[in-house]
Every structure is written in structure tokens, then in C-alpha cells.
Amino acid sequence: MKLIGAITAFALAAGAVSFANADDDKVVNVYNWSDYIDEAVLADFEKETGIKVRYDVFDSNELLETKMLAGKSGYDVVVPTGTFLSRQIEAGVFQKLDFSKLPHAGNMWDDVKNVTAIYDPDNAYSVNYMWGTTGIGYNEEKIKEALGDDAPTDSLALFFDPKNIEKLSSCGVHMLDAPTEIIPAALKYLGEDPNTKDPEVIKKAEDVLLAIRPHVLKFHSSEYINALANGDICAAFGWSGDVLQARDRAAEADAGNTIVYKIPKEGALMWFDQMAIPADAPNPELGHKFIDYIMRAYVAAAASNYVNYANGNKAAQGLLDDGVINDPAIYPSTETMKNLYSVTAYPPKVNRVVTRMWTKVKTGQ
Amino acid sequence: MKPSRLIIAIPYLWLALLFLAPFFIVIKMSLSDLAVSIPPYTPQLDLSGGWEAITAYWAALDLENYTWLADDPLYINSFKSSLIIASVSTLITLAVAYPIAYALACSPQRWRALLVMLVILPFWTSFLIRVYAWIGILKTEGLLNQLLLSVGMISDPLTILNTNTAVYIGIVYSYLPFMVLPIYATLEKMDWSLIEAAEDLGSSRLSAFWLVTFPLSLPGVIAGCFLVFIPAMGEFVIPDLLGGSDTLMIGKTLWVEFFSNRDWPVASAVAVVLLVLLIVPIVLFQRQQQKLSEAG
């Protein structure tokens, strides 16, 4: 919830609060994304180790970042996305992990580690929790109604070609309120380098986005899960696992809404949520224990089976449900993988251009 | 110190601790520059460096962020748009609240306590949940559209959620009690024999209302308007949940500066300007109240 975040952030800015209590030092404070863990994993950890887990959630990287930058957040483990992680490392937010305390680190998947090294060189500060793609979520029945049988549901053109999105505006389109995800996609649609840091090239995305903005009902990063599931909107440009959650909720409700997630054929952004320990964590020792627990093969598998996101744990793959490991929306085929791209953080000056452009896209100002 | 003075000191201490001190921190931040560090601005005051460090600190503060606000029309437009939304919704709230307050004041004595409680009742539920509930009512497949469709008033569902209309509905709903209660308070105190006198002297009921009741209720109307206008101006939750991508309000702009841009200095400058703009109506309000009490 943005609001709660805003209030807490202001409270924290005024005077930092520490949750750590002197006489119960067996508490690990974890701050993770909302709807992102199987509660049973936490209960098992508590039972096995006798360490209590204090578990808080956020729904945007900005919120987490603000708490981290205010300092003394009181958390031992936090889970930022790669692009945010890299500049937080630069700001001195995190401590290097002590791999002697992480015996299960050998379970991790080299393919993922190679990519996350662009955010966290040598993977010294973080290990992967989950990863996924940003792509197309849609309501099969409603898209057919609006665009007919040959709707380009596997293409970025569904959103970025004004002809298509205009027809969809009657049934509702949401987009992530995340410039670092939407702008690279618009650039990809134009055939440009999605990871460009050149303001002139980035500007090209502005024209595409300004042309479609009147047809976007809302830019928001979590409301689309419910909106898709309930049939309030017919398409959302969103995160893979969130769309799959909407799919499951819609199937449960059984009200004639079939939700599908597709990775656009032009390619999709691949993102990585990384577990890291703040430099001023009250109890880094327990933070390491928690991270190591999550890295156990069966724990990582249970977590992925529950949230429908892929993880960076090679050893866990044999223990995943068939519906997860064989779902190309979660673990894309080698063919699709070649088409995925990742982006790095914008330098501060370019970041200003990007966010100003984003405000213009969202508000028309 | 006399005990009575001590009691007076408590609210002042409260004000200094919870308003002035944070406000000075915000002003200080608004004069700083963006940096990649914890916290994300520079310079940081380092008292261990002695006098030299303090002068160097002062020298590094500047008004750059305020010039930035003036240069980009986004901020001015956000202020303008907030001003319009806050003013219009204040007027709508007044139009809705006045009849309610009037009916309350005219109701039989034994019902009043209960009726006033009904006005306050929504406060027992979290503000956030009540605004969320409006999403369920206003959305395309929501209760309102289903109702209108089933009685045949419309043939296609209306798009209300994520538009400015939804923001107006949200603000009017949320702040209604703040308008009803002060108006009710003045009407309740009113001497109703004045109306009888006006009618005895040949005034119609309507002109008696405009010439007697309304002017006498003016202090309540003004208090209610300020109580609605001031928080509506800086409102963030309602435009964020009910508004659409077009809804431009200063609260949202401030959020973007603080969270998306991580630009605490510019966000602080926006907050300071907002406060300065709100001080004007607050001072006007105070003056008016003072005049009233002197005249009364």
C-alpha cells in the first residue's frame, strides 16, 4: 500500500525507529513483496530453528528503497529488484554476505547468477529469491470480443499500437506504474536497445507512450491482479506471477473469465528479486540463517510452487510441481529465454529525465 | 511557574515538538542537494567538525530546488489542479451537508444525540477501508453500475472509477462529517424565535432562511469549508485509489518526487510551498473567527 508506505517513510525520516528489542534477540525481521511467500515456509523455519520471523510486506521498490535510504529500517532481510539493488549497493545500503554462513549457496543456478552479476558484481551482496518476466496478461473472452479472433495477444503491438489499445479501452487496460519496466518495453517495440541510457533514444519511447496514454485506464502496480481476476479490465501489462495469480483467482471464482499470461514475441524484460542484508541490520547473523534456509532445495521449491514464480535455485528444479516447471509462462523455454533481456539502473541525471517523462505519460502534463 | 501556565505550555510544547521541529527538518532538506547516500541528500550536518563544519554546512544550502519548481509547469499545474479539485469539492460538500445539518438541528431533541452519532459513525471504520469500498461501488462491474443497469437507467456501464468524478465523490463522502458538524453546532445554538419574528413581520420562509438563518450559520459554514478545503488540498489517498492517470494533485506529485525520483530535497520544497499556500487561508480563517468573537 503506497499510503501506508508514505506515512511510514515520513515517520522514519523524522526519527528512525528500531524494531529490535534487547531481550528477544531470536527474532529475524524480514521485509518482502506482498503475496510472495507460502506462510508454511515461515512456520517451518520457526519450528526448526526456534527463531521468530517478523514478516512485513511492500508492493513497490520505491517504498522499500525509501525505507532503506532513511536508514535504521530494523530489517535483517529485504528483497529489492536487481535494478534497485545495484544503486542501493552504491549508496551503501547493504553489507556483503558471509558465504561461510550460507552452506546452501551451492544450490544456486549459474545461469541466473550470471545475469544478476550485472546488478551485484560477483553476487557478493545478494542471492536470488525469485525471478520472472514482465509481459501481457489478458482476459481471453473480452479480448476476443474487442479485437476478434486474430488479436495480437503475443505481441507488444497489443499495447503499443494505438489501433489495438483504442479498441481495448472500452473494456479497460492497466499498465504497471513502473517506468523502468514500461519504457524498455516501448523501446523494444520500436526496435531500439531497451537498456539504453541515452536520453535522446529514451525520448523516442515518449511518443509511443503519449499516443496510447488516453486509452490506459490506470497505471498501477498491484490493482491489476484483482481487476483482471474479476473481469473489470481486459488486459494488463504486468508481472508474470501476478497475472498467474489473477488466472488462479479467476478460475476459482468461475465467473467466465479466463486469464492468460504471454511473453511477447518481441522479447520481454527479465527481472530478479534479490535477498540482501542491510548494513545496519539489527541481527545479520539471523538474516544469514533465514537466507540459507530459503536456499534449501525443498524450501525454494515449495515457495515457487505457491507463488508461481521461477527461482534461481538449480537444486530445487527437480522438486517443483509439473504445473510450475513445465509452464512456459513461469520457466520459459530455451528458445524464449534467448529473447529475454534485462536492464540496469539509470544514472541519476537520466533517471530524472525518465521520471519526468513518466509523469508526462501518466498525467499528460 | 503557576500551574495554569504549565497547562498552557503543554499544547505549545506539543506544537513545537510535533509540528515545528519536523517542519524545520523539511525546510532544511528542501535547501539541500540530491545525493546517492543514506539519507539521500547532502550536506549532512556534522557537529563534531566544530564551527567550521557548521559554516560550511550553511554555505552549501541554497534555493535551487525552489527555482526548479518554478521552472517546470508540472508543479504549478499540480497546485492549480489541486486548488480546483479542493474548491469544487468543498462547495459540493457544503451543498450536501447544509440540508443534513439543518435537518439535524430541527429534529426532536430526543433523536438528536442518535442522529449526530450516525453522522460520526463512519469514523469507526478505517478511512482507508471506506475509500476502498468506493472502488467496489464505482467500478465498471460494481454495485452502482449493476443497480443502474438492472433498473434500466443506462444501457452501458458508466466509467466512473479512475476518473476525477470518482475523486470528487470520494472527497465529498470522506469529509462530509467535517462540514455537517460545525454547521449543526451553529444552527443548534441559534435562537429559533428569530425566525418566528421574521415571519411575523411578513417575511416568507425562504427569505427568512436567507436573511436570518443562513447569515447566523455563517461561522459554521466557514469553519466547515476550511475543515474540508485544507485537507482536500493535500489529499493523496483518494486521488491515488479512486483517481485515474489524468488526476493531477499535489499529493501525488509529491509522492512521485519522494518515492520514484528519490528526490527528497525537491519533495520537501513542494511540501513547504504547499504549507505556505495553506497558511494563507488558515490565517484568514483565524482573523475572521477573531472578528466574530470580538463582535459577539
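This is a predicted model: local features need pLDDT of at least 70, side-chain atom pairs count only at pLDDT 80 or more; totals for chains, interfaces and linings use all residues.
Residues are numbered from 1 along each chain as its sequence is written, chains are lettered from A and ligands numbered from 1 in the order in which they are written, and side-chain values use heavy atoms, with hydrogens and water left out.

Switch to cartoon. Chain A shows 17 helices and 9 strands (DSSP runs numbered from the N terminus: helices are H or I with at least four residues, strands E with at least two). Its radius of gyration is 20 Å, close to the 21 Å of the globule rule for 365 residues, so chain A is as compact as a globular protein of that length. That radius is taken over C-alpha atoms; the rule is 2.2 Å times the number of residues to the power 0.38. Along the principal axes, the C-alpha atoms fill a box of roughly 60 × 45 × 35 Å.

Colour by burial next. Of the 365 residues of chain A, 61% count as buried (under 20% relative accessible area; exposed is over 50%, partly exposed in between; 1.4 Å probe, protein chains only).

**The two domains**

Select 2–132 + 270–332 of chain A for domain 1, then 133–269 + 344–363 for domain 2. These bounds come from an automatic or database domain assignment. The C-alpha centres of the two domains lie 26 Å apart. Across the boundary, 21 residues of domain 1 are in contact with 22 residues of domain 2 (contact: heavy atoms within 4.5 Å).

**A:Leu102**

Zoom to A:Leu102. It sits in the loop between helix H4 (82–90) and helix H5 (110–116) of chain A. A:Leu102 is buried, at a relative accessible area of 2%. Leave aside neighbours within four places in sequence, and A:Leu102 is in contact with A:Leu97, A:His288, A:Ile291, A:Asp292 and A:Met295. Draw a C-alpha to C-alpha distance to A:Met295: 8.5 Å in space, for 193 residues in sequence.

**B:Ser174**

Move to chain B. B:Ser174 lies in helix H8 (residues 164–189). B:Ser174 is buried, with a relative accessible area of 4%. Beyond neighbours within four places in sequence, B:Ser174 is in contact with B:Phe127, B:Val131 and B:Ile238.
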